[in-house]
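Hi,

Here is the model I promised to pass on. Have a look, and my notes follow below.

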Amino acid sequence: MTNTKNHSGKVALVTGGNRGIGLETARQLAGLGFNVLIGVRDLAKGEAAASKLGGKVEAIALDVAAPDAAARAVAEVERRFGRLDVLVNNAAIHYDPSARALKPDWSVIREAFETNVFGAWRVAAAFAPLLGASGHGRLVNVSSEGGSLASMGAGAPAYSTSKATLNALTRILSAELRGSGVLVNSVCPGWVATDMGGAGGRPVAQGAAGIVWAATLPDDGPTGGFFRDGKRLRW
C-alpha cells in the first residue's frame with residue numbers, strides 16, 4: 001500500500017509524535033528515508049522517544065493548542081531545513097465514548113476542539129507555505145470513522161464532532177491548496193491498540209500504514225478524501 005520509493009532528503013513533521021500512532025508513523029516515515037520531526041508538548045519526552053527510533057528522527061517543541069507554537073515551529077523548520085514535504089496532523093485528545101451530548105461537559109468539548117480542530121488548523125495554515133514550496137507537499141489529517149456523519153451515533157460527542165469538523169477542514173484545505181501540488185486527505189487509522197484506543201485494537205503498525213500511504217501519495221494521487229487502509233470511507 002505504501003509508496004516504498006526512497007524519500008531521502010525529504011522532511012516530515014508528525015504532531016503528537018511521541019507515542020502511539022504518531023510515533024509509529026514517524027518510525028515508518030524514517031524507514032522510507034524521511035528526516036522526521038515529531039512535534040511534542042514536552043521536549044524531554046519527545047527527545048527520549050526520538051532516540052528510541054534512531055535514524056533521522058528528532059523532536060521539536062509544538063503544543064498545537066498553544067496559539068503561537070505553530071509559528072515558532074515553522075520558523076525553526078525553515079531555518080534548519082528550508083522545506084517541509086509532509087505534515088501529519090496527528091495530535092488529538094478526549095475520546096469520550098461514555099459521554100452523551102445531552103449532558104455536555106463543556107470543558108472537555110472545548111479542550112477537544114482546541115486540539116483536534118483548532119490545533120490542526122493552526123498547524124496546517126502555518127506550514128502551508130512550506131508545503132506549497134516543496135511542489136509535492138502532503139497534508140494528512142488523522143481523523144476517525146467516529147467523525148463520519150454517515151455512521152455517527154450516540155456517544156463520544158466531543159471526539160466525534162471534533163473529528164467531523166476536522167474532516168470538513170480537510171475538504172476546504174484541499175480545495176484552497178489545489179494547484180499548489182499539495183494533496184490533503186483525512187485518514188482513519190481504525191481501532192488501534194494505543195493509550196487512547198485501549199486494548200483489543202489492531203497493531204499500531206497497521207493503523208500507521210494508512211497514514212504513511214497518504215503521506216507518500218504520487219503527484220496524481222487523490223486529494224480531499226477520507227480513507228482507511230487506502231480505501232475510501234463515507235463522510
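Which handedness does the crossing of α1 and α6 have? It is right-handed, meaning that the near helix is turned clockwise from the far one by less than a right angle.

Before the rest, some ground rules: this is a predicted model, where local features need pLDDT of at least 70 and side-chain atom pairs count only at pLDDT 80 or more, while totals for chains, interfaces and linings use all residues. Residues are numbered from 1 along each chain as its sequence is written, and side-chain values use heavy atoms, with hydrogens and water left out. Helices (DSSP runs of H or I, at least four residues) and strands (E, at least two) are numbered from the N terminus.

**α1 and α6**

Helix α1 (residues 20-31) packs on α6 at an angle of about 60°, the axes being 8 Å apart. Axes here are lines fitted to C-alpha atoms over the stretch in contact, and angles run from 0 to 180 degrees between N-to-C directions. The pair is therefore oblique; that word covers whatever is left after roughly parallel (under 35 degrees), roughly antiparallel (over 145) and roughly perpendicular (65 to 115). On the α1 side the contact (heavy atoms within 4.5 Å) uses G20, I21, E24, T25, Q28 and L29, and α6 brings V204, A205, A208, A209, I211, V212 and A215.

**α4 and α5**

Helices α4 (residues 106-134) and α5 (residues 157-176) pack at about 20°, with axes 9 Å apart, and are therefore roughly parallel. Their crossing is right-handed. Among the residues that meet are F113 and W121 in α4, and Y159 and L166 in α5.

**The cores**

A nonpolar core is a set of buried Ala, Val, Leu, Ile, Met, Phe, Trp, Tyr and Cys residues joined through side-chain atoms within 4.5 Å. Buried means under 20% relative accessible area, exposed over 50%, and partly exposed in between (1.4 Å probe, protein chains only). The largest core has 29 residues, of which L29, F34, V36, I38, V88, V140 and I211 touch the most other members. Its largest share, 5 residues, comes from helix α6 (residues 204-215). Another core lies apart from it, with 28 residues including L13, L37, A66 and A124.

G135 sits in the loop between α4 and β5 (138-142). With 41% relative accessibility, G135 counts as partly exposed. Leaving aside neighbours within four places in sequence, G135 contacts S180 and G181.

Cheers
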